[in-house]
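Please read this briefing alongside the sequence and the coordinates. The topics are the interface between two chains, one of those chains by itself, and a few residues of the other.

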Amino acid sequence: MKNKTPNKYGIAAAVVGVLMMIFGIYRGEAEAVLAKAVRICLECIGIG
Amino acid sequence: MDKKQRSKKQKSTEAPRHIFQLLWAVITNSFVTGFIQGRIYTGSLKNLCVPGLNCYSCPGALGSCPIGSLQSLISSRNYKFTFYVSGFLIFIGAVFGRFVCGWLCPFGLVQDLLHKIPFPKKLRTFRGDKILRKLKYVILLVFVIILPMVIVDITGQGDPWFCKYICPAGMLQGGLPLTLLNEGLRDTIGFLYAWKFVILAITVILSIIIYRPFCKYICPLGAIYSFFNKISVFTLRCDKEKCVECGKCGKVCKMNVDPKEAPNHSECIRCGLCEKNCPTGAISCNWKTGSNKNSENIKPENNDEY
């Protein structure tokens, strides 16, 4: 079995993912995630 | 090799994965103060998502749940699409595929351990199994994307429908410990809590009988990662030159995939059981793919195993 290089489509998708994350951080989405995650999510735990 | 010996061998080959799963679950849920005081971690690490289904309202959670974060952003009045969480899911999916399900998901570990509980008649497959596996894609589309985005209140804010009405991980990791430890929260429990408790109880019972029922039929995170299994950098390969067609790999696979025919099938969680049980070493999990015609790594359409 000849091992070649890692899957090029996988690498391309990973790069797209990283670029999207960077753009998302630039838009302030990471702070929005943090703002949600630091409060108890009442829906998640079945309260409200 | 009789049944008892076979199961003993299988058990021993799964131990390293379970230790890894446990370590990962402990590391990502290591805010001990939360478990003592009945509160959650509020530090900046929660900017980051963890790859597996891990409720951010678990008292120990250091990171954010990707499905919770995804719903939280697309249901908010400020964002109707999230580049950050979508990019994270694409990145993790493209690199690992469903390896995350097999190795990095705490709720996957819970189901793995529950399935080890003896039961007179474990169900490997049943009528309707194949159709039911599509349910997770419907749940992803309807409960994680459409409903949180479309059903909004007068301020434009929607609900996290999957977290609120379906997710048993939220109940197990967040609901149970927080209501046990926090008297204020305990006083507010009502119908929704009972509903989610019943869902968790059903998941627990089914996990004893069926291997990973939540992952197979419900999990929207597994559904997302399954799209990437065919192209992920971490991949499973079957060398047709070495394969002696003994069928052992398909028999040991608890997700009912036939690795010989479709090593990167969307249901494969990269647990590695097939690799460890292959008598000729034809199956391998690694970071490389090949153009060799004798090795198959993309052939999902031929798999009718489940």
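Contact here means heavy atoms within 4.5 Å, and by that rule the contact between the two chains takes 59 residues from chain B and 40 residues from chain A. This is a predicted model, in which local features need pLDDT of at least 70 and side-chain atom pairs count only at pLDDT 80 or more, while totals for chains, interfaces and linings use all residues. Residues are numbered from 1 along each chain as its sequence is written, chains are lettered from A and ligands numbered from 1 in the order in which they are written, and side-chain values use heavy atoms, with hydrogens and water left out.

**Interface of chain B and chain A**

- The size of an interface is often given as the accessible area lost when the parts come together.
- Taking buried area as the accessible area (1.4 Å probe) that two parts lose on being put together, summed over both, the value between chain B and chain A is about 4000 Å², and carbon and sulfur atoms give 70% of it.
- On the side of chain B that touches chain A, the elements giving two or more residues are α3 (66-74), α4 (83-96), α9 (161-165), α10 (168-181), α12, β1 (235-239) and β2 (283-286) of chain B, where helices (H or I, at least four residues) and strands (E, at least two) are DSSP runs numbered from the N terminus.
- With ten residues, α4(B) gives the most to that side of chain B.

**Chain A**

- Chain A has two helices and zero strands, and its C-alpha atoms fill a box of roughly 55 × 30 × 10 Å, taken along the principal axes.
- Of the 48 residues in chain A, 44% are buried, where buried means under 20% relative accessible area, exposed over 50%, and partly exposed in between (1.4 Å probe, protein chains only).

- P66(B), which has its place in helix α3 of chain B, is buried, with a relative accessible area of 0%.
- Not counting residues up to four places away in sequence, P66(B) touches C49(B), V50(B), P51(B), G52(B), V85(B), F88(B), L89(B) and L221(B).
- W24(B) lies in helix α1 (residues 3-28) of chain B and is partly exposed, at a relative accessible area of 26%.
- Leaving aside neighbours within four places in sequence, W24(B) is in contact with P51(B) and L104(B); W24(B) and L104(B) are 80 residues apart in sequence and 6.4 Å apart in space, C-alpha to C-alpha.

**Positive phi in chain B**

- R212(B), in the loop between α12 (191-209) and α13 (213-218) of chain B, has a phi near 45°, a positive value in a residue other than glycine, and counts as buried at 0% relative accessibility.
- R270(B), in the loop between α15 (248-252) and α16 (273-277) of chain B, has a phi near 55°, again a positive value in a residue other than glycine, and counts as buried at 2% relative accessibility.
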